[in-house]
Amino acid sequence: MNLDRLQALADRYDKLSELLCDPDVASDTKKLRDYSKEQSDLQEPYNAYMEYKEASEQYNDAKLMLEEKLDDEMREMVKLELEEQGQRMQELEERIRVLLLPKDPNDDKNVIVEVRGAAGGDEAALFASDLYRMYSKFADSQGWRVEVLEASESDLGGYKEIIFMINGKGAYSKLKFESGAHRVQRIPVTESGGRIHTSTSTVAVMPEVEDVEVEILDKDIRIDTFCSSGAGGQSVNTTKSAVRVLHVPTGIMATCQDGKSQNENKAKALQVLRARIYDIRRQEEEAKYAGERKSKVGTGDRSERIRTYNYPQSRVTDHRIGLTLHKLDTVLNGDMDEIVNALTIAEQAELLEQENLA
């Protein structure tokens, strides 16, 4: 473990504490925000390093005591202390290694999630609705806020497509592995013969993108307005409040009709458009390195089958990491922590392996 790097990190953390108490910084909104975020990012490794230093001191003190004349009972106590602090140091080293892994710059961001019914018609749309409910329940459990940006309902009450934003710190870090094809195996409500069908819905998770990250010029977009519509395509209002925005250079399009006004729908459509452009660029960059390695937890390609939800066996299987849980109801009710944690650990293990090979 690189102690010099950790000490430099601790020195920077302490320096940031000084800066945040400086009246000049307190009056500068940008500096205050940037320094606060930097210190927040350093908080966990800093605390772990402080614990490591404390354990190291106690370990060294115990080693020195063993060199002194001690009775048998005291010697056993010191040996026990030495063993405990050595174990604590080893555990902290592993934790610090994980905390110092390269961090995805998008991890703390809000996310825009797109869920679409794919193969399976009405059943796929109903499953898309189940997935939306699962993510909404999970967001509630994390204290995050869900906002629907666009929805197209099917005749049976499912979603042909639903696009929504989840606002909450760390939303992307916990949901980024959800992109891909989700498969459901169950008896559809429309099946009179009781046969099990397989249907799929696709999920795309994109980080919310700031204007400065993806600049969209007015000359590069075409905006169309139209009347909002509901399930089956029927018009639900007579004013042209719905907005469709086309990014001409890329051909990427975004539509929004769930807002209260044309301006609100335009802002939301541009938000989705910006995220889609960013996502395409990110995937293109990752594709350059696809030949070098294939991530165990996937590439984020929505055509990649990542998970199966089997109703007859009450089973959820994540195919990327071989995880199987027999608690379908609780997962679909938003209890996704076990899946999210397993995928995060798999990513960390992969990054540690790369670090060891470097």
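Predicted model: local features only at pLDDT ≥ 70, side-chain atom pairs only at ≥ 80, totals over all residues.
Glu54 is partly exposed, with a relative accessible area of 39%. The side chain of Glu54 forms a salt bridge with that of Arg88, with 3.5 Å from N to O. Because Arg88 belongs to helix H4 (residues 72–99) and Glu54 to helix H3, this contact ties together parts that are 34 residues apart in sequence. Arg88 is partly exposed as well, at a relative accessible area of 23%.

The structure holds 27 salt bridges. Side chains of opposite charge can pair when their charged atoms come close. One of these bridges joins Lys30 and Asp34, at 2.8 Å from N to O. Both residues lie in helix H3, and because they are 4 residues apart there, about one helical turn separates them. Lys30 counts as exposed, at 51% relative accessibility, while Asp34 is partly exposed, with a relative accessible area of 33%.

Another salt bridge is found between Glu147 and Lys268, whose closest N and O atoms are 3.0 Å apart. Here the partners come from distant parts of the chain: Glu147 is in strand S2 (residues 145–153) and Lys268 in helix H7, 121 residues apart. Glu147 is partly exposed at 24% relative accessibility. Lys268, at 9% relative accessibility, counts as buried. Elsewhere, salt bridges that share partners connect Lys37, Asp41, Lys103 and Asp108 into one network.

Between S6 and strand S7 (residues 242–247) the antiparallel pairing runs over 6 bridges, and Ile221 stands opposite His247 in S7.

Aromatic side chains give another set of contacts. A pair of aromatic rings is described by the distance of the centres and the angle of the planes. The model has 5 aromatic pairs. In one of them, the ring centres of Tyr13 and Tyr46 are 3.8 Å apart and the planes are at 15°, so the pair is stacked; the cut-off for stacking is under 30 degrees. Tyr13 sits in helix H1 (residues 3–20) and Tyr46 in helix H3 (residues 29–66), so that this pair, 33 residues apart, links distant parts of the chain. Tyr13 and Tyr46 are both buried.

Phe127 and Tyr309 form an edge-to-face pair, with 5.4 Å from centre to centre and 65° between the planes. This pair too links distant parts of the chain, with Phe127 in helix H5 (residues 122–142) and Tyr309 in strand S9 (residues 305–310), 182 residues apart. Phe127 is buried, with a relative accessible area of 0%, and Tyr309 counts as buried at 0% relative accessibility. Ring pairs also link Tyr132, Tyr159 and Phe164 into a cluster. A charged residue meets a ring where Lys109 lies over the face of Tyr278, at 5.5 Å from the ring centre.

The last stop is Asp24, in helix H2 (residues 23–26). Asp24 is exposed, with a relative accessible area of 58%. Its C-alpha atom is separated by 18 Å from that of Gln39, 15 residues apart along the chain.

Terms used. Residues numbered from 1 in each chain as written. Heavy atoms only, no water. Phe/Tyr/Trp six-rings, centres within 6.5 Å; stacked < 30°, edge-to-face > 60°. Helix = DSSP H or I, 4+ residues; strand = E, 2+ residues; numbered from the N terminus. Buried < 20%, exposed > 50% of the residue type's maximum accessible area, 1.4 Å probe, protein only. Lys NZ or Arg CZ within 6 Å of the ring centre and 35° of its normal. Pairing = 2+ DSSP bridges. Salt bridge = Lys/Arg side-chain N within 4 Å of Asp/Glu carboxyl O.
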